Amino acid sequence: MNVNQSSVTSGGNFSDEIILAIETSCDETSAAVIRGGKHILSNVVSSQIEIHERFGGVVPEIASRKHVESITLIIEQAVKEAGVGLRDLSAIAVTEGPGLVGALLVGIVAAKSLAMALGIPLIGTHHIAGHIYANELVQDIVYPSLALVVSGGHTELVLLEREGAFRILGRTRDDAVGEAYDKVARALKLPYPGGPHIDRLASESQEEIVLPRAWLEADSYDFSFSGLKSAVLAAINQHRMKGLELNEGALARGFQQSVIEVLVSKALRAAKQSGARQLLLCGGVAANRGLRAALTESCSAAGIPLLIPPNSLCTDNAAMIGAAAFLKLKRGQFSGLDLKGDPGLSLEKWSVNS
Ligand code: KG4
Ligand code: ZN
């Protein structure tokens, strides 16, 4: 069922269309207002990190409850900050997956209610399409483009042959890169989320404990981080059992160097092989200083332009969901009011119909 498609009255020019986007897939409650798919009028993010920190990771039940508590206020704030009225909105976008199903549902129910009350279309949006299209909020994407998606739940190389068409060239076979960072940090008794702490330790250390690289088969674009994580845990245990002092900086640096070398090498090979005109880095781990520096250097040597959004658009936020939803708004591809949260939503299937 399509909701009131006729209410998008652009006549082919969509630059004035305003989307209210909602993101509640994990531990950030966020709402944003985006004009013309590129201009951020507001992007309000309420993080639950402090609540989950004491448990060492996201507790799904608590995440859902906190989304319920804050969603209305966050939406109201986003609309107010954008300086628009609800009647100015062209569509409501919401993350439909992947993510925690109970958390997704909170955003979806809010989005459906608004779309129905205002009589405007609903656009179910893929979370990873959002991370990728966060780049469009900064600079125009040119095609073909290759995205390296590195977040707490995903590690993927995605080829975009044209706008809104996603093809996954490689993905992690076990842990996502952010997940590996968080588990290693936890073993070192660092606070959640651990990525930024490992990044800091690694960049401050002059020494490095060299750890293995998981290249997998020679032609594979897949990743694997569980072996590396186990190598780190084994090193920590050996030191503890022998009563030796562990050089945590050297271990963090060894871990980070192994991750970066594999990510950068596979991304560059895929970009060259697919004739990509740009490399897009996105997801929470894109905030990693070591990864940014290594990719910048390799892309510049290979003559491939690199796009990295600012940190505020790399971690979960609703502005990126609005940017991805715009692809569907332009094509009149809307969701029905029977939209469900889908924890395993396929990125390739979410591609736009050309
Ligand atoms: O994209 P994101 O905000 O949420 C997901 O969709 O998963 O990513 C969160 C992940 C966490 O695992 C966090 O530890 C990691 O991004 N992260 C980092 C850094 N900043 C955040 N990992 C490595 N280095 C960083 N500087
Ligand atoms: Zn994310």
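H131 has 1% relative accessibility, so it counts as buried (under 20% relative accessible area, with a 1.4 Å probe and protein chains only). Welcome to a predicted model, in which local features need pLDDT of at least 70, side-chain atom pairs count only at pLDDT 80 or more, and totals for chains, interfaces and linings use all residues. Side-chain values use heavy atoms, leaving out hydrogens and water.

**The zinc site**
- H127 (NE2), H131 (NE2) and D316 (OD) coordinate the zinc ion (ligand 2) at 2.0 to 2.1 Å; donors here are N, O and S atoms within 2.8 Å of the metal (3.2 Å for Na, K and Ca), and water is not among the atoms, so sites may look incomplete.
- Along the sequence, the donor residues follow the spacing H-x3-H-x184-D.
- Distant parts of the chain are linked here: H131 sits in helix α4 (residues 127-133), while D316 is in the loop between α10 (311-314) and α11 (318-330), 185 residues apart; helices are DSSP runs of H or I with at least four residues.
- D316 also counts as buried, because its relative accessibility is 14%.

**E23 and its surroundings**
- You will find E23 in strand β1 (residues 18-23), where a strand is a DSSP run of E with at least two residues.
- The side chain of E23 makes a polar contact of 2.6 Å with that of S25 and one of 3.0 Å with that of H127; such a contact is a pair of N or O atoms within 3.5 Å, and within protein one must be able to donate a hydrogen and the other to accept it, while residues adjacent in sequence count only if both atoms are side-chain atoms.

Notes. Residues numbered from 1 in each chain as written. Chains lettered and ligands numbered in written order. Buried < 20%, exposed > 50% of the residue type's maximum accessible area, 1.4 Å probe, protein only.
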